[in-house]
Amino acid sequence: MVKGPAGALHVDDGGKGGLPVVFVHSSCGNTTHWAAQFVHLRRSRRAVALDLRGHGKSAPPADGDISVEDFARDIEAVVDALGLQRFVLVGHSMGGAVCAAYAGLHPDRVAGLFLLDPASDGRSIPAEQAAGFMQVLATDAWSAVIEEYWTPMLAPSRPEVRERVLSQMRATSQAGARAGLGALLTFDPVAALRRYPGPRLSVITAFNEEPGSYQRLVPELPFRKVEGTGHWVQLDAPDTVNALLDGFLASIR
C-alpha cells in the first residue's frame, strides 16, 4: 500500500530491468485486469499497476466531486513512492483518460503513452442527460444502470470475461464508480494529449469510433484497431495486446 492524496492506494509491483511500465485500469476495474501483461513483461522489466481511489483494494474516495486530474494524482503518489523517474504509462478506458491527464501534467517523466480503448470525451454528452445519469448513479440502481450501459461492449467477450468484469463492477464501491464515471464528463482530453509530445499509441475497438473518440479529436494521435473483441481488450485478447505493447516499447528510446 502507498499513501495517496486521498487515502491508501493498493499497488502491484513486480519484475526488474528495462524501462518500467505503469498500468492504470478502467472505471470499476482493478490491478487484476493486467495479469496477462504482468506475466509477459515481468520476465524482462518492471511492471507496476495501481488501484485508483475507490477501486480494488484502495481507500474509497472522500465526499465531493473528483476530477480526472485528481485520479492522475494517484499515479503521481505511486510513482513518487516507488522512485520511478521515467516510465511508460498504459491506461484502459477511464484509465486512458487518467494517463493522458498525467502525461499532460508531467510530460518529462512519461517515456511513452499507450492508450487501450480510451474513454471518449464525456463533454459531448448533453448536460441534461449527464445530470440524469449521475443522479441515477447515486441511487440503489447504480450497478444495474452501469451493467445495461456496458452490455453491448461486453457482447463479443467470452462468458467468463463478461462475468468477471460485471462482478468486479458490482464489488466496486458506489462512490468509486460514480466518481470515476462522473470525472469523465468534464475532462478535456484534447488539451492533455496536446501537452504531451512523446511517443503515443491508441489501440481501439469497434466501440471507439465515435466523434468524441481521441483519435478523431486529435488526428495526429496514432492508432491501431483490434477486431473481434469487446471493450476489455486485455482480457479478450491478451496476446494481441502484449504484441502491440511490445512493438510500442521497442520504439521508445
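Buried means under 20% relative accessible area, exposed means over 50%, and partly exposed sits in between (1.4 Å probe, protein chains only). I wrote that down before looking at anything else.

**Ground rules.** I am working with a predicted model, where local features need pLDDT of at least 70, side-chain atom pairs count only at pLDDT 80 or more, and totals for chains, interfaces and linings use all residues. Residues are numbered from 1 along each chain as its sequence is written, and side-chain values use heavy atoms, with hydrogens and water left out.

**N208.** Is N208 buried or exposed? I found a relative accessible area of 2%, so N208 is buried. N208 sits in the loop between strand 8 (200–204) and helix 9 (214–217); helices (H or I, at least four residues) and strands (E, at least two) are DSSP runs, numbered from the N terminus. Contact means heavy atoms within 4.5 Å. Skipping neighbours within four places in sequence, I got D117, P118, S120, S213 and Q215 as the contacts of N208. I also checked D74: it is 134 residues from N208 in sequence and 26 Å away in space, C-alpha to C-alpha.

**Helix 2.** D74 is one of the buried residues of helix 2, along with V68, F71, A72, I75, A77, V78 and V79. Helix 2 has 15 residues (68–82), so at 1.5 Å a residue it should span 21 Å, and its end C-alpha atoms, 22 Å apart, agree. The expected span is 1.5 Å times one less than the number of residues. Just after helix 2, G83 takes a positive phi of about 75 degrees.

**Helices 4 and 7.** How do the axes of helix 4 (residues 127–137) and helix 7 (residues 174–183) cross, and what is the angle? They come within 10 Å and cross at roughly 170 degrees. Axes are lines fitted to C-alpha atoms, for helices over the stretch in contact, and angles run from 0 to 180 degrees between N-to-C directions. Helix 4 and helix 7 are therefore roughly antiparallel (over 145 degrees). On the helix 4 side I noted F133, M134, Q135 and L137, which meet Q174, R178, L181 and G182 in helix 7.

**T240.** This one lies in helix 11 (residues 238–250). Its relative accessibility is 36%, so T240 counts as partly exposed. T240 and A191 are 49 residues apart in sequence and 30 Å apart in space, C-alpha to C-alpha.

**Whole protein.** I counted 11 helices and nine strands. Of the 253 residues, 55% count as buried. The C-alpha atoms fill a box of roughly 45 × 40 × 35 Å, taken along the principal axes.

Methods
Angles under 35 degrees count as roughly parallel, over 145 as roughly antiparallel, 65 to 115 as roughly perpendicular and the rest as oblique.
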